[in-house]
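Trainee: I have just opened this one and would like to go through it with you. Could you start with how some of the helices pack?

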Amino acid sequence: MGLNGEMRYVRLKEVLPGALLGKEIFSVDGQILLREGASLTTLHLKRLKKFGIDVLPLRVPKNQTKAYDHLHVYMTNLKMIVEEKSSDWKKRFETLFQQVIKDPQLQESLAFLKGRNDSIYVHSLSVAFLSTSIGFQLGYKEKDLERLIRAALLHDVGKVVSHHYTQKGVPLGHDHTWKGYNYLQSLSHVDQLAALVALTHHETVDGSGYPRQLKSHMLHDITQIVSIANVYDQLTHQRNIKSLMHPSDALEFMLAFSSKRFNPLCMAALMECVALFPTGSQVILSNGEVGTVVAQNRGLPHRPIVKLIYINQQNEDELNVETVDLAKMLTLFVTQFVS
C-alpha cells in the first residue's frame, strides 16, 4: 500500500468510524464515492449501506497503539465539524494529540472513563478535539494546548465517579462538576487546571451558569473554550437516544445566546472551525437541486462547495456532473440538510 499499513476486508457492520479506506470505492455508474485513505465517518458508513456495499477494504496500520486508536477512531469527530485545514495544520494537530494521549496516567484516566460510560468517553474525546481546534485558531502555544487537551478530556469525569466526592453543605454539591473537581483534586499527577475546568465548564459569562454563578472575569480562558466545545458537541451528536441538531442549527442556537453564555472570541474561533454542512453530506439548494458537499470555504461555513449529479434532459441515459461553489454563486444557498 502507498501509506503505512496493510489492507484487510471487513464487513461494513463491523467497521468503526475513523477507519481508513484501503482503496477507492465506486458507484455502479463509475463515480468515485470515496477515495483511498479516507477516514470513514458515521455519515459515510450510512451512505455506503444505502448503496448496498457489504464489505470494505480497510487500511490497518502496523504496530497500532492505544493512543493511535484514540486518535484515529475519533478523528472522525474533528473531520465532521472542523473545516478543511492545511496538511501542516493537521499534522501538527495529530502530533500534539498523540503526544498528550500517550501519557500513561492519561491513558489510565481514559480507560476509566470508557469502562464506566462509553458515551461520556466518546463525548470527552470529541470535546477535546474541538477545544484543541479552537485553541489552534486562537493562537495558543504548545504548552497551553497540552493543558487544554488534558482539561477537555477530563471535564466530565465527575459523571462517572462515586458519590464519595460530593461536596457536602454546598448548593449543587452533588453535581458532576463538584464531584469531578474533588476527584481530580485528589490525584497528585493531574494538572489542577483540569480540576478547575471540571468545576466551571457549565458557568457562563453573565454569571447565570452553575454551580457558583461565576462571571467571565472569574473564568479561565480554557474553561470558556471547553464550555463552548461541550455545548456544541452535546447539540450535534446523538447519544443515549437524545435528539440532536444539524451543525447550522446548533451554531445558530448558540449564537442567539452568545452575549450571555459564551466568550465572544471563542465563539468567533468556533465559527472559523466548524463546517455547518460537513464534507460528504447531502444538501438541497435553493433551486431545488440535490447535491453532495465536496469541500469547505474557509471562514464561510454556510457556503460550501457542492457537487450536483443529475439526469441530462436531452439524453436520460446520461448523467451530468456540475460543481457549484456557493461562495461565488451568491444567488444560491443551502435550504435543507438531507443526510
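Mentor: Helix 7 and helix 10 pack at an angle of about 50°, and their axes are 10 Å apart, where axes are lines fitted to C-alpha atoms over the stretch in contact and angles run from 0 to 180 degrees between N-to-C directions. That makes helix 7 oblique to helix 10, since angles under 35 degrees count as roughly parallel, over 145 as roughly antiparallel, 65 to 115 as roughly perpendicular and the rest as oblique. Helices here are DSSP runs of H or I with at least four residues, numbered from the N terminus.

Trainee: Before we go on, what kind of model is this, and how are residues numbered?

Mentor: This is a predicted model, in which local features need pLDDT of at least 70, side-chain atom pairs count only at pLDDT 80 or more, and totals for chains, interfaces and linings use all residues. Residues are numbered from 1 along each chain as its sequence is written, and side-chain values use heavy atoms, with hydrogens and water left out.

Trainee: Which residues of helix 7 and helix 10 meet?

Mentor: From helix 7, D144, R147, L148, A151 and A152 meet I222, I225 and V226 of helix 10, contact being heavy atoms within 4.5 Å. By class, this contact of helix 7 with helix 10 has six nonpolar, no polar and two charged residues; Ala, Val, Leu, Ile, Met, Phe, Trp, Tyr, Cys and Pro count as nonpolar, Asp, Glu, Lys and Arg as charged, and the others, Gly among them, as polar.

Trainee: And what does helix 9 do with helix 10?

Mentor: Helix 9 (residues 192–200) packs with helix 10 (residues 221–236) at an angle of about 50°, their axes being 9 Å apart. In that contact, L193, L196, V197 and T200 of helix 9 meet I222, T223 and V226 of helix 10, and by class it has five nonpolar, two polar and no charged residues.

Trainee: Switching topic, where is confidence lowest in the chain, and where highest?

Mentor: Confidence is lowest in helix 2 (residues 66–73), at a mean pLDDT of 51, and highest in helix 9, at 97, pLDDT being the predictor's confidence in each residue, from 0 to 100. The mean pLDDT of the chain is 81, with 82% of its residues at 70 or more.

Trainee: What about P211?

Mentor: A cis peptide bond joins Y210 and P211, with omega about 15°, and P211 is found in the loop between helix 9 and helix 10.

Definitions and conventions. Helix = DSSP H or I, 4+ residues; strand = E, 2+ residues; numbered from the N terminus.
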